[in-house]
Structure formats: C-alpha cells, structure tokens
Amino acid sequence: MLMLPEIIVIAAAVAVLILDLFLTERGRAALAYMAMGGLAAAFLATLLAAPPAGEMLGGRFGMDGVAWWFKLLFLLTGFVTVVISADLLDGGARVRMRGIGFRGEYYCLLLFSITGMMVLISARDLVSLYVSLELATIPLFVLAAWRRGDAQSGEAGLKYVIIGALASALILYGLGILYGLTGQTDLAAIRGALQDGPAFWLAAALLMAGAGFKLTIVPFHMWAADVYQGAPAPVTAYLSVGSKAAGLAFLFQLFFRVFGANTAHWGMLVALLAAATMTLGNLVAIAQENIKRFMAFSAISQAGYFLLGFLGATDDGVAAMLFYLLVYAATNLTVFACIVWYSNETGREEIKDYRGLSRTNPLVALAMTVGLFSLAGIPPFSGFVGKFFLFSIASKAGLHWLVAVAAVNSTISLYYYLRIVRQMYIEPTFEGAERLRISRRLALTVGALAVSQVFLGILPFFYENVRAHTVGWIAALMK
Amino acid sequence: MGLASWLIAVPFLTAVAVALTPARRVRMIRWVAAVGCGIQLLLTAVLACRYWRLASPEAASMKDALLSKLYLVERVPWFPSLGIQYFVGVDGISVAMIILTSIIIFTGVLASWRVETRAKEFFALLLILVTGVFGVFLSFDLFLLLMFYELAVLPMYLLIGVWGTGPKEYSAMKLTLMLLVGSAFVLVGILALYHGAGLHTFDLQQLAGAHFSTGFQRWVFPMIFVGFGVIGALYPLHTWSPDGHSSAPTAVSMLHAGVLMKLGGYGALRVAVYLLPEGAKMWGLFFMALTTINILYGAFGAIVQKDLKYFIAYSSVSHCGFVLFGVAALNLIAFKGAVIQMFSHGIMTGLFFALTGMVYGRTHTRMIPEMGGLAKVMPWLATAFYVAGLASLGLPGLSGFIAESHVFLGGFFGNPWMNGLVTRTLTIIATLSIVVTAVYVLRGLAKVFQGPITDRHFEKLTDADPSEKIATGLLMATLFFVGLMPWFLINLVESSLMPIVNRLHASGMAAAWH
C-alpha cells in the first residue's frame with residue numbers, strides 16, 4: 001500500500017478536526033498527542049515500507065529512494081513542530097499570547113500541509129504536482145496569520161497569501177506551457193518530449209521563479225523576512241524547515257524529473273543564483289535585531305547552499321542535498337525550539353534580550369549554541385560535514401570560485417551567529433534574572449535535537465544510508 | 001585503539017571529565033585537568049620512545065624516499081562512498097609537534113591555576129581546543145585534518161571573549177573570523193586536490209602519488225599556503241595576532257602563540273609543499289620575500305610597544321616569520337630550521353606568556369614604563385624572563401640559536417629553482433632582524449627588571465610559587481635541552497623531512513614518481 005503514510009496523516013488530520021468538536025477546553029490538550037501519534041504512525045509506516053519503490057494510480061503516484069527520504073524528513077519536521085507548538089497553544093507558556101488557540105484547526109492545517117508535501121515528492125503528473133504544491137502551501141498562509149488581532153501576524157499572512165498566490169500563478173502558467181508544448185501531463189512523458197527552445201525557456205523561467213519563491217532564492221526571497229517575523233514562532237520554525245524542504249522537493253521534481261537533460265547548460269545560472277542567495281542572505285542577516293527575522297535571512301542564505309547540489313546533476317549532489325536537508329532540519333529545529341521556549345517564557349524576541357542566558361539556563365544556552373555552530377558549519381557538528389559534501393559538488397563541477405564564495409560566506413555567517421552566542425555567554429544578565437522553567441516535553445526535544453547535531457555528522461550511517469538510496473536515481477530517471 | 005587515537009582521546013575525555021565535575025568544586029576541576037594533561041605528557045613520552053625504536057633503523061633508507069614513512073598508523077573507513085577515512089599516524093615532524101603541544105598544555109594548565117570565574121567551562125574549552133590541535137598533528141586524511149583544524153579555532157572565541165581582558169570581544173571576533181577565512185581557503189584547496197587527483201580519496205599518501213598539472217599547482221599551492229599562513233601570521237594577514245594574544249588569558253595565549261600558530265607552518269609543509277612541489281617552486285621566492293617582511297615588521301613593531309603582551313605578540317609575529325621563511329626556502333637545512341623553530345618558539349613564547357601572566361598577576365599592570373627593578377623582588381621570574389628573551393634573540397646554548405642558524409643557513413644556500421642572489425639578499429636582511437630583536441628584548445627586559453624599583457608597592461611582591469616554578473622550570477629546561485643537545489630533535493625530524501625535499505627535486509620529471 002504505497003500511499004499508506006499519506007492516508008494515515010490525512011486520517012489523523014480529519015480525526016483531530018472532528019474530535020475538536022466534541023472535546024472540552026481542557027480535553028483539547030489531547031489533540032497535540034493525537035497529531036503526534038498520527039505523524040509517528042506515518043513515520044513508522046514509511047520506515048517499514050522497504051523497498052521504497054513502485055507506482056500506483058496509473059503511474060501518477062510513485063515512490064523511490066529520494067521520495068522515501070523526503071517523506072521521512074517531512075514527517076520528522078512535522079512531529080517536532082507539533083511538539084514545540086503544544087506548549088504555546090495549550091496555554092502552558094508563561095507569557096500568554098493573545099488570540100492564540102484553536103488547536104484543532106491548527107494541527108489539522110499542519111497535517112494537511114505535511115500531506116501535501118508528501119504527495120508533492122511522489123507526484124508523477126502535472127496536475128498532482130500542482131495540487132499537492134497548493135495543498136502544502138495554502139495551510140501555511142493561514143498558519144502564518146494565526147495570532148488573531150495581532151497586526152504583525154495578520155500582515156505576515158496577507159503578504160504570504162499575495163506573494164504565494166503570485167508564485168502559484170507563475171507555476172501554473174509554466175506548467176501550462178509545458179502541457180502546451182508536449183501535449184502530455186505525465187512528467188516522464190514531458191521530459192521525453194521536451195525540446196530546447198524559447199518556449200521551453202519561458203516555461204523554465206516561470207517555474208524557476210515559482211520554485212525560487214518557495215525556496216527563498218534571491219531575488220525571490222523578499223517575502224521571507226516579514227512573514228517569518230510576523231508569524232508565531234512555531235509556525236516560523238515550520239516555515240523555515242518544512243516549507244523549504246517542500247521547495248527543494250519541488251525543485252527536485254522540476255530539475256530532474258521534468259527538465260531532465262535540457263538543464264545541461266544551466267550550471268552557470270544555478271551557480272550565480274546560489275552565490276547571490278548565500279551572499280545577500282548573509283550580509284543582511286548581520287544587521288538584524290529581531291531573532292525571527294534574523295533566522296529568516298539565515299534560512300535564505302542556507303537555501304543558497306542547497307542550490308550547490310544541483311551543479312553537474314550527479315548522484316553525489318542528490319545525496320549531499322538530502323543529507324544536508326536532514327542536517328539543516330535538525331539544526332534549525334534545535335535553534336527554533338530554543339527561540340520558541342524563550343519567547344514563551346519571556347515574550348521577548350530581540351537578539352539583545354538573550355543576554356546572559358548561559359547563566360540562568362546553561363543547558364538550553366548550550367543547545368542553542370550547538371545549533372548555531374552547526375548552522376555556521378563548525379566541526380564537530382553535522383553542519384560542517386553537510387556543508388563540506390555540498391561544497392565538494394561545486395568543486396567537482398570545476399567552479400572553484402563558487403566554493404571560495406560559499407566557504408567565505410560560511411565564515412561570515414559565523415559572525416552573526418556568534419552575536420547571539422556572545423549575548424548568551426559574554427554579556428551580563430538582566431538584574432533580577434532567574435532560572436526559567438522548561439516543560440519536560442520541550443527539554444527532551446531540545447536535548448535530543450542538540451545531541452543529534454553531534455551524531456548526524458560523525459556517524460557515517462546517515463550519509464551512507466542516503467547515498468545507498470539515491471545511487472543510480474538520476475540514471476534511472478534519464479532512461 | 002592505538003597510541004595515536006589515545007593521544008586524541010585523552011584530552012577529549014579530560015574535557016568531558018571536567019564538564020561532569022560540579023562547577024563549585026574548582027579545586028577538583030583544576031586537578032582533573034592537570035592529571036589529564038599529565039597523562040597526556042606520559043603518553044607523549046611513550047610515543048617518543050616507540051617512535052625512536054621504530055624509526056631509527058629505517059632512518060637511513062629515507063634518503064631517497066619520495067613518500068613520508070608513517071608509524072603507528074590506524075586506518076578505519078569513515079565515509080566509504082566519498083573516500084574519507086579515519087587515518088591517523090605519526091612521523092618525525094608530528095612527534096616533535098606533539099611533544100611541544102603536550103608540554104605547553106601541561107604548563108598552561110599549571111599557569112591557569114588561579115582561574116576562578118567559570119573555571120569549569122574554561123578548562124573544558126581549553127582541553128577541547130587542544131584535542132583539535134593533537135588531531136591535526138596526527139591526521140593524514142585531509143578531511144579529518146581540516147575538521148580538527150577548525151575544531152581548534154572555534155573555542156578561541158569563547159576563551160578570549162569570556163575570560164580575556166581589554167578589547168576582548170573585538171579581538172576574539174577578529175581572530176576567529178580571520179582564522180576561519182584562512183581555513184575557508186584551505187577547504188577550497190583540499191576539495192580542488194580531491195577532485196583534481198581523480199583518485200576519490202582524501203588520503204594524504206595516495207594524493208602524494210597523484211599527478212597535478214602545473215597550471216593546477218600554480219593556483220592551488222598559494223591558496224593552501226596562504227590559508228594556513230593566516231594562522232602562521234603571514235604578513236599581511238597577521239593582524240589578528242597582536243590583539244588576539246594580548247586580549248587572551250594567559251593559558252590561551254600560551255596555547256595559541258605556542259601551538260596553534262605552528263599549525264600554519266605544519267599545514268604549509270605537510271599539505272602545500274608535500275603535495276604540490278611544483279607550486280612550491282613557483283611561489284617559493286614570493287613567500288620568502290613576504291616572510292622576510294614578516295620577520296622585520298614584527299621586530300620593528302615590538303620595539304615601539306609599551307604593553308608587555310603586545311610586545312611579546314609582535315615578537316611572535318616575527319619569529320613565526322622564521323618558520324614560514326624556512327618552509328619557503330625549500331631545502332633540507334631550511335626545513336629542519338623551520339621545524340626546530342616551530343618547537344623552539346613554541347616553548348619560548350609559552351614561557352613568555354606564562355611569565356607575563358605571572359608578573360601581571362602581581363603588579364596589576366602590563367605597561368613596561370610603569371615597571372622597574374622587579375628582579376630584586378622576583379628573581380626566579382626575572383631569570384626565566386631573561387632565559388626566554390635570550391632564546392628569542394638566538395643566544396647559543398638555547399634552542400633559538402639552533403633554529404635560527406638552520407633557517408639562515410638554509411636560506412643562504414638556497415635551492416636550484418630560485419635566484420641565488422635574491423635568496424641570499426633576503427636571508428641577509430632577515431639576519432639583520434637579530435639585531436633588532438636584541439634591541440627590543442634587552443631594552444624591554446632591562447626596563448622591567450633591572451634598575452631601581454619604580455613603585456613602592458612592588459617591594460611587597462612575591463616570587464613564583466611552586467606550581468609556577470614547575471611550569472616555568474619545565475619550559476626553561478626544554479629550551480636548554482634543545483639548545484645544548486640539539487641532536488635529539490634534529491634526528492627526530494630530519495628523516496621525515498627528506499621525502500619532502502626529494503619530491504621537490506623529483507617533481508617535473510613524471511617518471512620519477514613511481
């Protein structure tokens with residue numbers, strides 16, 4: 001039953017929504033566990049579905065090694081997002097946020113979005129590709145505006161809707177042109193029938209613009225800062241990891257499955273986009289004061305690193321991108337879990353408000369430091385290993401200048417990550433600051449994520465596993 | 001698990017032990033750190049003996065070797081699909097550097113006995129830093145080497161930023177960023193080597209057997225040399241050094257100037273010159289000129305300093321210039337000089353910084369004009385300072401003389417690929433720095449220690465206490481040992497340097513490789 005994981009997630013979503021009608025306000029705390037249970041079940045179902053290959057629905061829904069890994073990542077990200085949202089939504093935060101609640105709808109939308117992402121990577125047909133992309137994105141528009149009565153949150157949602165709708169329109173137009181050019185809706189058939197030419201370039205440009213929006217590539221990145229800053233922190237966490245993973249999945253589908261060999265000359269374009277994204281994201285991040293906005297620019301620059309994996313269209317690149325996605329997800333969620341916790345306990349979101357955290361809550365500060373160092377690419381954390389493998393792809397393609405740009409950018413990024421570390425460790429604490437409490441659920445999550453930073457990179461198991469599942473994937477596609 | 005892995009594991013395990021000790025029990029933390037470093041010192045002694053027994057019989061055969069001979073090798077595949085292994089081992093150069101590091105960390109821990117605030121994090125970070133350093137000296141897989149190298153750089157930020165003095169945040173940030181930009185260039189170079197060789201491996205020995213085209217070597221060699229040169233205080237990328245060393249706490253300065261800066265010379269020799277001999281021949285003259293500027297710039301910079309730590313920091317820039325000068329001179333004598341200078345300067349500067357910390361802890365000032373006549377109240381510290389100072393200006397009988405004489409002889413003899421007139425001129429100019437060094441050392445020390453006591457309060461100061469005597473005594477003894485009986489160190493490194501020189505002669509003749 002190839003579609004079992006997706007079915008489980010949808011069932012969980014619907015169950016959460018309906019159960020919400022019958023539960024009392026106190027009983028609604030169970031909804032989080034219901035969502036977590038659904039995601040865990042789907043994760044197990046995906047994990048045990050070996051070998052991960054096959055097709056159904058007349059070839060419109062397919063599974064292979066790459067899709068398998070993506071689904072595991074989506075489910076894991078969703079699970080952690082539910083855990084870090086739970087405290088805030090249940091009213092367990094010390095600083096209650098006004099206008100936040102509606103747990104049933106929240107988890108339901110989140111689960112729908114995850115389903116959309118899972119179907120996105122399995123789509124083998126134009127229509128299912130587009131519909132799943134929409135299913136993945138539209139719930140996020142709503143989730144970004146979750147804080148009722150808060151102008152910033154509403155603005156974030158509105159900006160996201162407008163720009164997201166524009167991106168969707170561009171994608172639809174591009175897909176339409178592809179249909180017009182080839183007369184096919186099956187992605188493999190399109191790839192076979194597609195020929196280089198001005199119409200193809202137009203379609204490609206439109207689709208790249210849409211995909212660039214999702215993945216926050218420069219110059220399509222402008223929405224990210226305001227949306228990330230305005231949305232509630234757990235939603236920002238999900239946007240920075242899940243939505244990016246979906247964008248990467250969409251780009252995978254486009255680049256390898258739809259465009260195929262026509263992208264042989266695209267190396268320079270991808271390289272330039274990557275360089276621009278890394279550099280701009282890094283430079284603007286230096287000036288940020290709000291931590292969520294800061295993480296938005298950090299996420300933008302990380303998207304640039306992902307693009308490096310597309311150079312040369314090799315199996316190594318696919319493996320490197322998937323591995324870095326795993327690393328990036330774990331790292332970003334570590335940092336965001338700490339951000340969510342801190343804003344729950346103190347209501348503060350400015351970088352300078354993190355002063356002296358190492359003295360009041362040393363372990364949380366350590367977890368956050370581990371996450372930040374891993375994002376900066378410092379050994380022995382997994383970010384270093386992941387980035388090294390991605391840079392290797394660029395070097396293999398002969399673009400040594402790009403490797404230099406990427407490596408120097410990594411160093412620049414350390415500067416702004418160190419700003420936060422400095423606040424936590426070097427700056428003195430506020431007067432009267434005391435140890436903040438942390439729920440056991442959140443402490444466990446933060447701890448597990450931080451520890452994973454050390455092991456994901458050192459233990460070869462994870463990378464070798466990704467490699468084993470993706471070797472020969474491109475060759476199989478091109479057949 | 002072999003001896004090499006234990007040498008990396010022991011400081012790491014000590015760091016873990018320190019991290020697990022309750023933060024209030026400061027005495028216990030210090031003792032845990034000291035015992036850990038003591039064990040490391042013992043292991044190093046074992047390493048030196050075992051290396052001696054293994055390598056001495058084969059030393060003669062190295063005269064024509066083209067590949068370094070490694071001992072105590074451990075090889076475990078790590079990321080097999082990418083050709084990355086956990087590949088550690090030693091040769092003579094590694095052993096010399098490991099001895100240096102063990103001595104410096106042990107004396108550094110002793111010199112930090114008085115650290116009170118957040119002692120647990122301090123010692124843990126220090127030990128993690130030194131794990132990285134040991135790792136670099138023991139790795140022969142380029143990925144592993146780079147990983148340990150970057151591991152060694154980052155704790156510096158926290159160590160200087162939290163426990164430092166003066167403009168510590170600025171210094172810490174500048175140091176960290178500049179060193180990491182250097183390692184970024186090394187990363188570019190390493191990836192280029194990996195893909196350029198086409199052997200799908202990061203193994204140093206296998207890469208040594210690969211052939212790299214001249215054009216390739218022309219840009220990769222300077223990239224890696226400069227990348228490592230940043231931490232070796234290569235002019236003009238040395239600017240992180242004066243601020244960094246002066247703002248850092250004592251043990252951190254000792255470790256940094258004493259050991260970390262040697263990573264630069266080590267990397268330049270082990271990776272850049274060993275793997276890319278043609279590139280070395282093309283760029284040797286340029287780097288000799290640059291390092292000559294280093295030597296003089298550091299020396300002149302030291303003359304005008306009023307702060308004792310800046311004074312020593314600029315002296316370090318100058319002496320580290322000798323190391324890279326020796327590496328760039330591309331002959332056996334110069335290489336020997338470079339490695340001996342790495343060892344000698346490491347000990348000497350470790351002694352300098354330790355003493356500065358001890359003097360500052362007593363007088364509460366680092367400004368030279370404010371101090372005077374201290375030899376009357378602290379004879380031991382004054383003597384130690386003079387020993388270090390005389391070593392730095394190359395007085396025979398101390399290790400500095402051995403190192404500098406080798407470097408100057410090597411530079412003067414030159415090599416077949418560089419214009420003899422130019423190398424001789426550069427060497428003569430570099431030699432003149434001895435005069436400048438003598439000026440600043442003797443003048444500075446005379447002001448601080450000789451003459452009448454300038455401040456009444458100084459009359460009540462105490463001399464070194466037992467732990468300080470042990471630390472400074474050990475360092476002074478090492479300086480004398482290498483100075484009076486240099487053949488141990490020279491023999492240790494000579495046979496390991498021969499392959500590098502042989503490769504320089506053999507490159508350009510493709511048939512000579514196999």
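User: Hi! Is strand β2 (residues 84-90) of chain B largely enclosed or left open, and how many of its 7 residues are buried?
Analyst: Strand β2(B) is largely enclosed by the rest of the structure, because 6 of its 7 residues are buried. Buried means that 20 or more other C-beta atoms lie within 10 Å of the residue's own, exposed means 12 or fewer, and partly exposed is in between, with C-beta atoms placed from the backbone. Strands here are DSSP runs of E with at least two residues, helices are runs of H or I with at least four, and both are numbered from the N terminus.

User: Before we go on, what kind of model is this, and how do the labels work?
Analyst: This is a predicted model, in which local features need pLDDT of at least 70 and side-chain atom pairs count only at pLDDT 80 or more, while totals for chains, interfaces and linings use all residues. Residues are numbered from 1 along each chain as its sequence is written, and chains are lettered from A and ligands numbered from 1 in the order in which they are written.

User: Back to β2(B): which strand does it pair with?
Analyst: It pairs with strand β1 (residues 71-79) of chain B, in the antiparallel sense, over 6 bridges. Two strands count as paired if DSSP finds at least two bridges between them. B:F79 stands opposite B:I84 of β2(B).

User: What about the hairpin those strands make, which residue has a positive phi?
Analyst: That is B:G83, with a phi near 75 degrees, and the hairpin has 4 residues between the strands.

User: Switching to helices: at what angle do α1 and α2 of chain B cross?
Analyst: The axes of α1(B) (residues 3-20) and α2(B) (residues 26-55) cross at roughly 175 degrees and come within 9 Å. The axes are lines fitted to C-alpha atoms, for helices over the stretch in contact, and angles run from 0 to 180 degrees between N-to-C directions. The two helices are therefore roughly antiparallel. That label is for angles over 145 degrees; under 35 is roughly parallel, 65 to 115 roughly perpendicular, and the rest oblique.

User: Which residues make that contact?
Analyst: Among them are B:L3, B:W6 and B:L7 of α1(B), and B:I29, B:V32 and B:A33 of α2(B). Contact means that the C-beta atoms, placed from the backbone, lie within 7 Å. By class there are 14 nonpolar, 3 polar and 1 charged residues. Ala, Val, Leu, Ile, Met, Phe, Trp, Tyr, Cys and Pro count as nonpolar, Asp, Glu, Lys and Arg as charged, and the others, Gly among them, as polar.

User: How many residues of each chain are in the contact between A and B?
Analyst: Chain B gives 24 residues and chain A gives 27. On the chain B side, α6(B) supplies the largest share, 12 residues. That side has 18 nonpolar, 4 polar and 2 charged residues.

User: And what does chain B contain overall?
Analyst: Chain B has 18 helices and 2 strands. Its radius of gyration is 22 Å, close to the 24 Å that the globule rule gives for 514 residues, so chain B is as compact as a globular protein of that length. The radius is taken over C-alpha atoms, and the rule is 2.2 Å times the number of residues to the power 0.38.

User: What about chain A, how many helices and strands?
Analyst: Chain A has 20 helices and 2 strands. Of its 479 residues, 59% count as buried.

User: One last thing: is B:A302 buried or exposed?
Analyst: B:A302 is buried, with 25 other C-beta atoms within 10 Å. B:A302 is in helix α11 (residues 277-303) of chain B.

Notes:
Contact = placed C-beta atoms within 7 Å.
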